[in-house]
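Q: I have a model open and want to go through its packing. Can you take my questions as they come?
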Amino acid sequence: MFDDRSPIYRQIAERIKAEVMSGALKGDEQVMSTNQYAAHYRINPATAAKAFQQLVDEGVLYKKRGIGMFVSPDARERLRAKRRESFFADVVDPMVAEAKATGIPLRDIIRRIEELEGT
Amino acid sequence: MRIEVEDLVLRYGDVTALDGITLTLEEGKIYGLLGRNGSGKTSLLSVLAAFRRHTAGRVRVDGRPVFENPQVTSRISLIRDVGETVDIGTGEDVLYFAEELRPNWDGDYARALMDMFQINPKQTVKNMSKGQRSAMGIIVGLASRAPLTMFDESYLGLDAPARQLFYDQLLADYMAHPRTIIMSTHLIEEVSALFEEVVIIHRGRVVAHEERDALLAKGVSVTGPAAQVDSFTAGMRVLGSRSLGPTKSAMVYGELDDAQRRKAADAGLELGPIAMQDLFIHLTAEDGAAV
C-alpha cells in the first residue's frame, strides 16, 4: 500500500489533501476518525494521528472537541493557492530542463500548450 | 502498564543473556521488540512476566516489582511461541483456565476468535498443528486484555491469512481497549507499521529505542560515484556499503539536515530511505558497535 519513500503519515496527509483538492472531501465535511484510518491502512493509530495533526497545523482540517476532524471551509482554496505558488518550480521548470536534455525546442512545447488550450 | 528497567542483568550459569538493559516503556503503546536469535528478547520478556528472576538491576511495572508479586503478574500476559497452553487439554479447557486466571477476560471475544481462526474447541491442544497452537496462544493473549500483553514470536506456523487476521485483531482490540503491548518478531516488514516505538536489542543490550518513524528517518542510503559518496559520508556513521562498478551505495545512520541534503544533491548523490529490516540487519551486525 505504501512505498516507504516518505513516512506513512505524510502519505496519508497527501492523500487527504488530494481528496480535498479534487472536491471529494468538501468544506466542513467530517473526515474518518484516526482509528478508522489506522484500521483501514493497518497502521498504528499514533501514526494516523500524526497525519491529522500535520493537516490541522496546515489549516486543512480543524478539530471539534469530542466529535472529530472536519475539513476547513477554505481548505481547497488554501491548497490551490499553495500549489499555484510552487507550480512553476515543481512542474514547469523540470519540464523545461527535460525538454532541453532531450532536445525538444521550447517553441514546440508552446505550440503543444496552445493546442491543448484550444481543445 | 508502565515499565521501568534499570541495568538489568540476567545470567544462566556463566551465560549472560541480558547485559545491562535500561529501558522505559510508557503505558498504552504498541512496542516492537527486535533482535536476532539469542539476542535476549525472550529473556527480557520472561523477566517482565516474572517467569524468571533477574540476576541484578531493577525491574518495575507500574512502579512495583514483578517477581513473586501476583497482584502485578495477574495483569501481565506473556504468550510464547507455542503458548503455555499445550498440556492443558482441549481448546475449551484453555479458555476455561484463562477465565479463572485473567481478571479482564472476555469470553465472548475468545469464542469469536476461535471461530475466526477456525479452531475446534473440542480438539486437544497437544494434537493441534503448530499454527493452531500459535492461534490458541494468540486467542488467550488477546481475550485476556491484560494491561501488559506480550507476544513472543506468536506467529510461528501461522500462514499469511492467519497472520493478517492476528494483526487486524490486535490493532482493532488495542484501539477499543488501549493497553501496553510488546511484540517480538522476525517478520519485521510485515508488522512494523503497527508499532509506535521500536526497541532493538543485540547481545543482551539495547542498541536502539526510537519511535518507528524517527528510526526510519535516521537511516539514509547515499548512492553515486564512489569518490563522492566517500567524501560525503566521511565522519558519518556508515552502517554498510555496496558497490556496483563505479557506483557505490552507503547506508548512513543519523538524520541529515537540509544543508547536507543540498550538498548531496549538488554532488550528484541520490538519497533514499532504508527499510526497517535493512536497518535492523546493520544495527545488529556482529561487528556493529552499539549506538
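Q: In chain B, what share of contacts between residues at least 6 apart in sequence join residues at least 24 apart?
A: The share is 69%. Two residues are in contact if their C-beta atoms, placed from the backbone, lie within 7 Å. This is a predicted model, where local features need pLDDT of at least 70 and side-chain atom pairs count only at pLDDT 80 or more, while totals for chains, interfaces and linings use all residues. Residues are numbered from 1 along each chain as its sequence is written, and chains are lettered from A and ligands numbered from 1 in the order in which they are written.

Q: How much of chain B counts as buried?
A: Of its 291 residues, 42% do. Buried takes 20 or more other C-beta atoms within 10 Å of a residue's own, exposed 12 or fewer, and partly exposed is in between.

Q: And which residues have the most contacts inside the largest nonpolar core?
A: B:Leu48, B:Ile139 and B:Met150, in a core of 102 residues. Such a core is a set of buried Ala, Val, Leu, Ile, Met, Phe, Trp, Tyr and Cys residues joined through C-beta atoms within 7 Å. Helix α5 of chain B, residues 130-143, gives the largest share, seven residues. Helices are DSSP runs of H or I with at least four residues, strands are E runs of at least two, and both are numbered from the N terminus.

Q: What does B:Met150 touch, leaving aside neighbours within four places in sequence?
A: Its contacts include B:Leu45, B:Leu48, B:Ile79 and B:Ile182.

Q: Switching to chain A: at what angle do α2 and α3 pack?
A: About 120°, with the axes 8 Å apart. The axes are lines fitted to C-alpha atoms over the stretch in contact, and angles run from 0 to 180 degrees between N-to-C directions. α2(A) is therefore oblique to α3(A), since under 35 degrees is roughly parallel, over 145 roughly antiparallel, 65 to 115 roughly perpendicular and the rest oblique.

Q: Which residues meet there?
A: A:Thr34, A:Asn35, A:Tyr37 and A:Ala38 in α2(A) meet A:Pro45, A:Ala48, A:Ala49 and A:Phe52 in α3(A).

Q: How many residues of chain B are in contact with chain A?
A: 14 residues of chain B are in contact with 14 of chain A. On the chain B side, α6(B) gives the largest share, five residues.
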